Amino acid sequence: MTGAGQTLQSNRRIFQKRYEAAIRIVCLLCALVSVLTTLAIILTLAGQAGRFFSKVSPLAFFTGTDWSPTFSDAKFGVLPLINGTLLITVGSGLFALPLGLLSAIYLSEYASPRARNILKPGLELLAGIPTVVYGYFGVMFVTPLLKKLLPNMGFGEFNAASGAIVVGIMILPLVSSLCEDALSAVPRALREGAYGLGATKAEVALKIVVPAALSGIMAAYILALSRAIGETMAVSLAAGSRPRMTLNPAESIQTMTSYIVQASKGDPPRESAAYGSLFAVALSLFVITLIMNILAAKFVKKYRNVYD
Amino acid sequence: MSTLNPLHTTPKTLSNLARRRAVEKAFAFVCLAATCLGLLLLVVLLWGVFQDGIHWVNANFLTNFGSRTATRAGIKAGLYGTIWVIGFTGLLAIPIGIAAAIYLEEMAPKNRLTEFLQTNIANLAGVPSIVYGLLGLAVFVHFLKFGQSVLSGALTMSLLILPTVILTTQEALRAVPSSLREASYGLGATQWQTIRHQVVPAAFSGIITGIILSLSRAIGETAPLITIGAFSSISRVPERLQSEFTVLPILIFNWTTDTKEGFKNVAAATIIVLLGVLLAMNSLAIYLRYRRRTL
């Protein structure tokens, strides 16, 4: 009797073990989906871009200043698109990076718990608004406002400044919350030491906390700029779709992302150079943002190593 | 005389102190202003959209298809399309994301493979959404021949939000104290029994928060679906996974670029509907998070 009971129990144990091993394998497979995704991204982008580069020389692509993929005499010089992307990124950075840091300083050094509980969810709501809505905001409010405030600049219906401002508003909550994480990681003892020496709050924030959190702040800045580079809809709507080499924020420009949107709306035939150019541009975009994200991760690791 | 004055409060140090106090006050004000600017912009944005569009939101607006005349245009196709795409995105991404997070957080050995998986997921979370759109175009639309369908859209969106689902679920699992696991093991539970009956229930509100935030990101996401070729001007609702579709953000995009009279208002009205859905979801997520914090 006891023997039969024991086998029953050990049978159940064996079953339980196999069952759990199966679950572990299923979970592992789910985790491997992410590797598959990365591989698929790299293979598709590189494969299609490779076919594109067999028609258009990489040298002409990376050094050309004329982007006119739909003309019968199509030109694929990517520099105007990179120029447009840079204009948006730098513009939005000028707006969002200082403001984001200041608001992070307020939240981490000044705000009472009650003020934080109101302000932080508000900023999170700002971050939850879809980018296409920011595009509408740019077209309907920012551009008319720019025209009114600076009538002599000659702002067009679509212009880089409007795009840069809405992207800046968009990345502001990201900068603010990542910077706040970095500032909060600075140990209290550093602050207390400075207060003990008679420093004011502003002096503690600017001369102690910010320098101590510098690598975290750098990480926040890089991530936010990488987000700005990849931002698509707000830019497509507010900044227009005219690829050109210009530094004038009043003109319409085209970024790498808004080219992809504009061209894929036209559903280019799969064998055409225009179809391939989508992937060549996306590959450049992917590589740029990947490098920036890896760099940001390095900075984050640095401040974690120091303070954790 | 100065030897009689132990604190050295000469006029010069006094003015220096006054200057420092002034700087302090000004700086505090600037920081507060920077924080409020974001919120102010939020209010201006919402108010402007509200004014442009609220009079256009009515029953017909919800049940009409698109039209060449602004007053007859409605969002039915986009509304149903969004529900279809996001529904299937959730069905795919939630179980896979949670399982992957459970593997990485609870089961995975600390080795190079795990570290590689983790780095890879973090990097995927930073890939611009439009790149996922091109992945979907090449793999789902053309290579697997799913066409410009709900299925292609949902698969693309799933891949897009998967890293976020995994990372937020991991964070929720990490917040469960290890004493809970040890107590469960101490009572003779196996690893899976511990995860299933202790860890996941304890992390539940955190996991839900992450899922809501990921799905609401997917609802507002436009670029990848334009890239895979979602139509903006269809007058049908999806009936199968193979159906063509459009979504609310694409309608907003098209109507914002439409120069005909009244379409800007239609766009604003669509934004109001979209934001209504998103605000409800985000508030729920934020509520769940703050409730968890106070528990």
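Biologist: Which residue ranges make up domain 1 and domain 2 in the domain assignment of chain B?

Modeller: In this predicted model, the assignment for chain B gives residues 2–56 as domain 1 and residues 60–294 as domain 2. The centres of these two domains of chain B, taken over C-alpha atoms, are 39 Å apart, and the contact between them draws six residues from domain 1 and eight residues from domain 2.

Biologist: What makes up the side of domain 1 of chain B that touches domain 2 of chain B, in terms of nonpolar, polar and charged residues?

Modeller: That side of domain 1 of chain B holds four nonpolar residues, one polar and one charged.

Biologist: Where do the bounds fall in chain A, and what distance separates the domain centres there?

Modeller: Chain A is assigned a domain 1 of residues 2–55 and a domain 2 of residues 67–307, with 37 Å between their C-alpha centres. Nine residues of domain 1 of chain A and eight residues of domain 2 of chain A form the contact, and the domain 1 side divides into six nonpolar, one polar and two charged residues.

Biologist: How many residues of chain A are in contact with chain B, and which helix of chain A gives the most to that side?

Modeller: The contact involves 69 residues of chain A and 69 residues of chain B; on the chain A side, helix H1 (residues 2–55) gives the most, with 18 residues. By residue class, the side of chain A that touches chain B has 44 nonpolar, 18 polar and seven charged residues.

Biologist: Why are H3(A) and H8(A) called roughly perpendicular to each other?

Modeller: The axes of helix H3 (residues 79–110) and helix H8 (residues 201–212) of chain A come within 11 Å and cross at roughly 115°. Angles of 65 to 115 degrees count as roughly perpendicular, and H3(A) and H8(A) are therefore described in that way. The crossing of H3(A) and H8(A) is right-handed, and the contact is made by Ile105(A), Glu109(A) and Tyr110(A) of H3(A) together with Lys201(A), Ala205(A) and Val209(A) of H8(A). The residues of this contact comprise four nonpolar, no polar and two charged.

Biologist: How do you know whether Ser112(A) is buried or exposed?

Modeller: Ser112(A), found in the loop between H3 and helix H4 (113–128) of chain A, has 8 other C-beta atoms within 10 Å. A residue counts as exposed if 12 or fewer lie within that distance, so Ser112(A) is exposed.

Definitions and conventions. Residues are numbered from 1 along each chain as its sequence is written. Chains are lettered from A and ligands numbered from 1 in the order in which they are written. This is a predicted model: local features need pLDDT of at least 70, side-chain atom pairs count only at pLDDT 80 or more; totals for chains, interfaces and linings use all residues. Domain bounds come from an automatic or database domain assignment. Two residues are in contact if their C-beta atoms, placed from the backbone, lie within 7 Å. Ala, Val, Leu, Ile, Met, Phe, Trp, Tyr, Cys and Pro count as nonpolar, Asp, Glu, Lys and Arg as charged, and the others, Gly among them, as polar. Helices (H or I, at least four residues) and strands (E, at least two) are DSSP runs, numbered from the N terminus. Axes are lines fitted to C-alpha atoms, for helices over the stretch in contact, and angles run from 0 to 180 degrees between N-to-C directions. Angles under 35 degrees count as roughly parallel, over 145 as roughly antiparallel, 65 to 115 as roughly perpendicular and the rest as oblique. A crossing is left-handed if the near helix is turned anticlockwise from the far one by less than a right angle, and right-handed if clockwise. A residue is buried if 20 or more other C-beta atoms lie within 10 Å of its own, exposed if 12 or fewer, and partly exposed in between; C-beta atoms are placed from the backbone.
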